[in-house]
Structures are given as C-alpha cells and as structure tokens.
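Dear colleague,

Please find the structure below, together with its sequence. My notes on it follow, and I would be grateful if you would read them alongside the coordinates.

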Amino acid sequence: DNGSGPYRRIAVAHGKGLRMLNRFRSAIARFDHILGRLESRVNKLEEQGIPSDSFFDVWTSIEEAKNMQVEAEAKMEELKAKYESLLLGENIKGVVEEARAVATGLKIETENFHVKLREIAMAVGGFIKIQGIPGK
C-alpha cells in the first residue's frame with residue numbers, strides 16, 4: 001500500500017479518536033482533583049465543629065459527582081474499545097457512527113460533571129461566607 005486509501009483513513013480516524021480520548025481523560029482527571037479538594041474542604045469544615053447535617057446536600061452532590069465520574073470513565077473505555085476496533089477494518093462506517101454517538105454522550109457526561117462541580121463549589125463557598133469562616 002502506498003499510504004493512501006482506506007487504511008490511511010482508518011489510521012487517521014484512530015489517531016484522532018485516541019487524541020480526543022486523551023483530552024476527555026485529562027478533563028476527568030482535573031475534575032477528580034477538584035472534587036477531592038472540595039471533599040477535603042467539607043471535611044475540614046466539619047472538623048471545625050460545624051454540624052455534618054449542614055452538609056447533607058453537599059455530600060449528596062459529591063456522591064452524585066462521583067457517580068458521574070464513574071459513568072464518564074466507563075464511556076471512555078467504551079470509546080477506546082470502539083476506536084481500537086477500527087483497526088480490525090470491519091464495519092468501519094458503523095464503528096465510526098457508534099464511536100461518534102459514544103463521544104457525544106461522553107461530552108454531555110463531562111459537561112454535566114463540570115456543572116455539578118461548580119454547584120458543589122458554590123454551595124461550599126456560600127456556606128463559608130455565611131459562617132464567616134476563613135477560606136483556607
């Protein structure tokens with residue numbers, strides 16, 4: 001093969017898919033770090049004597065965010081499997097369409113995860129202001 005034709009297109013699509021997957025993976029890793037920091041902050045506030053029932057909604061949101069993260073990671077693995085299956089060269093058009101659908105779902109999951117983190121951060125920040133507690 002002279003480097004053109006369907007095999008080249010498959011390789012290009014595979015490479016683009018893996019780069020996209022890496023971007024999603026980086027975003028989820030950043031969000032995980034932020035979630036850990038928020039969780040730590042709530043724990044510190046509780047250690048300062050603030051009743052833990054004050055944070056019920058925050059803890060519920062943190063659990064929801066963790067579930068969103070697990071779902072996003074599962075979608076990333078599904079997307080990776082789709083792009084790896086491209087290399088088999090079978091049903092390429094179908095695989096690309098399926099991968100595109102999974103990627104769209106993953107994008108929505110990632111955006112929802114981000115929104116949930118912002119909600120948690122605003123709740124924790126608002127609580128800190130109401131209580132008059134220093135930020136750090």
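In these notes, contact means heavy atoms within 4.5 Å. Leaving aside neighbours within four places in sequence, Phe55 is in contact with Val42, Leu45, Glu46, Ile50 and Phe127.

This is a predicted model, in which local features need pLDDT of at least 70 and side-chain atom pairs count only at pLDDT 80 or more, while totals for chains, interfaces and linings use all residues. Residues are numbered from 1 along each chain as its sequence is written, and side-chain values use heavy atoms, with hydrogens and water left out.

Phe55 also belongs to the largest nonpolar core, which has 33 residues; Phe55, Leu79, Phe113 and Ile120 touch the most other members. A nonpolar core is a set of buried Ala, Val, Leu, Ile, Met, Phe, Trp, Tyr and Cys residues joined through side-chain atoms within 4.5 Å. Helix H1 (6-47), H2 and helix H3 (92-131) each supply at least two residues of this core, and H3 gives the largest share, 11 residues. Helices here are DSSP runs (H or I, at least four residues), numbered from the N terminus.

Ile120 lies in helix H3 and counts as buried at 1% relative accessibility. Buried means under 20% relative accessible area, exposed over 50%, and partly exposed in between (1.4 Å probe, protein chains only). Not counting residues up to four places away in sequence, Ile120 touches Leu35, Leu38, Val58, Ser61, Ile62 and Ala65. The C-alpha atoms of Ile120 and Ala65 are separated by 9.1 Å, although these residues are 55 apart along the chain.

Gln69 is placed in helix H2 (residues 56-86) and is also buried, with a relative accessible area of 11%. Its side chain makes a polar contact of 3.2 Å with that of Asp32; such a contact is a pair of N or O atoms within 3.5 Å, and within protein one must be able to donate a hydrogen and the other to accept it, with residues adjacent in sequence counting only if both atoms are side-chain atoms. Beyond four places in sequence, Gln69 touches Ile28, Asp32, Leu35 and Phe113.

Finally, Asn91 is found in the loop between H2 and H3. Asn91 is exposed, at 53% relative accessibility, and has a positive phi of about 50 degrees although it is not a glycine. Most residues other than glycine have a negative phi.

Yours sincerely
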